[in-house]
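I opened the model to look up a few side chains, the metal sites and the overall fold. My entries follow in the order in which I made them.

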Amino acid sequence: MTTPLTGGCLCGAIRYTVNVPITELRACHCTACQKASGAGGSVNAPLPSAGLKFTKGTPKRYAGKADSGRTLYRFFCGDCGSPLYSQRETAPEMVTLRIGTLDDPGEMKLTAHIWTKSARSWDRIDPGTKQFPQQPDSPPAR
Ligand SMILES: [Zn+2]
Ligand SMILES: [Zn+2]
């Protein structure tokens, strides 16, 4: 996909641009992402923080314990509740963008499923991707 990409929350109060290529898409089935999304989990693109710029509004922040035991900040629109991205307390240089908030869906494909051990029975795991029962120790080589 060509950059910059644009996206935002449901109500339009928060808008952003992504200025780096998206090379990886992970579906996360952890129980925290299920609660935060109200669905089977989240689909995320890991990006350097510098590649994500907010052009309108400021997301609200929720600090929660991830299934990995680490503190994870979840950023969302305080007006409409759309989840936008998350960030580890210990890794401010990276963000994971909720890819469903991009305006243009593009031609991206999932590269991995993580936390498959807690995937809901009705959720689909793409057999053509890498799968990790929990948090992979490092980002998977694509
Ligand atoms: Zn909103
Ligand atoms: Zn998760």
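Entry one, a polar pair. I looked up serine 42 in this predicted model and found its side chain in a polar contact with the side chain of asparagine 44, at 2.9 Å. I count as a polar contact a pair of N or O atoms within 3.5 Å; within protein, one must be able to donate a hydrogen and the other to accept it, and residues adjacent in sequence count only if both atoms are side-chain atoms. Serine 42 lies in strand E4. Helices (H or I, at least four residues) and strands (E, at least two) are DSSP runs, numbered from the N terminus. Serine 42 counts as buried because its relative accessibility is 7%; buried means under 20% relative accessible area, exposed over 50%, and partly exposed in between (1.4 Å probe, protein chains only). Leaving aside neighbours within four places in sequence, I find serine 42 in contact (heavy atoms within 4.5 Å) with Arg26, Ala27, Cys28, Cys33 and Arg98.

Entry two, conventions. I number residues from 1 along each chain as its sequence is written, and chains are lettered from A and ligands numbered from 1 in the order in which they are written. Local features need pLDDT of at least 70, side-chain atom pairs count only at pLDDT 80 or more, totals for chains, interfaces and linings use all residues, and side-chain values use heavy atoms, with hydrogens and water left out.

Entry three, zinc ion (ligand 2). Its protein donors are Cys28 (SG), Cys30 (SG) and Cys33 (SG), 2.1 to 2.3 Å away. Donors are N, O and S atoms within 2.8 Å of the metal (3.2 Å for Na, K and Ca); water is not among the atoms, so sites may look incomplete. I noted the spacing of these donor residues in sequence as C-x1-C-x2-C. Cysteine 28 is buried, at a relative accessible area of 6%, and cysteine 30 is buried at 5%.

Entry four, zinc ion (ligand 1). Cys9 (SG), Cys11 (SG), Cys77 (SG) and Cys80 (SG) coordinate this ion at 2.3 Å. Which arrangement do the four donor atoms make? It is tetrahedral, because they subtend angles of 105 to 113°; four donors count as tetrahedral if all angles lie between 85 and 135 degrees. Along the chain the donors follow C-x1-C-x65-C-x2-C. Cysteine 9, in the loop between strands E1 (5-8) and E2 (15-18), and cysteine 80, in the loop between strands E7 (71-76) and E8 (83-88), are 71 residues apart and link distant parts of the chain. Cysteine 9 is buried at 8% relative accessibility, whereas cysteine 80 is partly exposed at 28%.

I take a nonpolar core as a set of buried Ala, Val, Leu, Ile, Met, Phe, Trp, Tyr and Cys residues joined through side-chain atoms within 4.5 Å. The largest has 20 residues, of which Val18, Ile22 and Leu97 touch the most other members. Elements giving two or more residues to this core are E2, E4 (42-48), E7, E8 and E9 (94-98). A second, separate core of six residues includes Cys28, Ala32, Ile114 and Trp115. Beyond four places in sequence, isoleucine 22 is in contact with Leu5, Ala45, Leu47, Ile99, Leu102 and Met108.

I count one helix and 11 strands, in the order β-β-β-α-β-β-β-β-β-β-β-β. Buried residues make up 41% of the 142 residues.

Methods
Four donors count as tetrahedral if all angles lie between 85 and 135 degrees; four count as square planar and six as octahedral if opposite donors are over 155 degrees apart and all others between 65 and 115; anything else is irregular.
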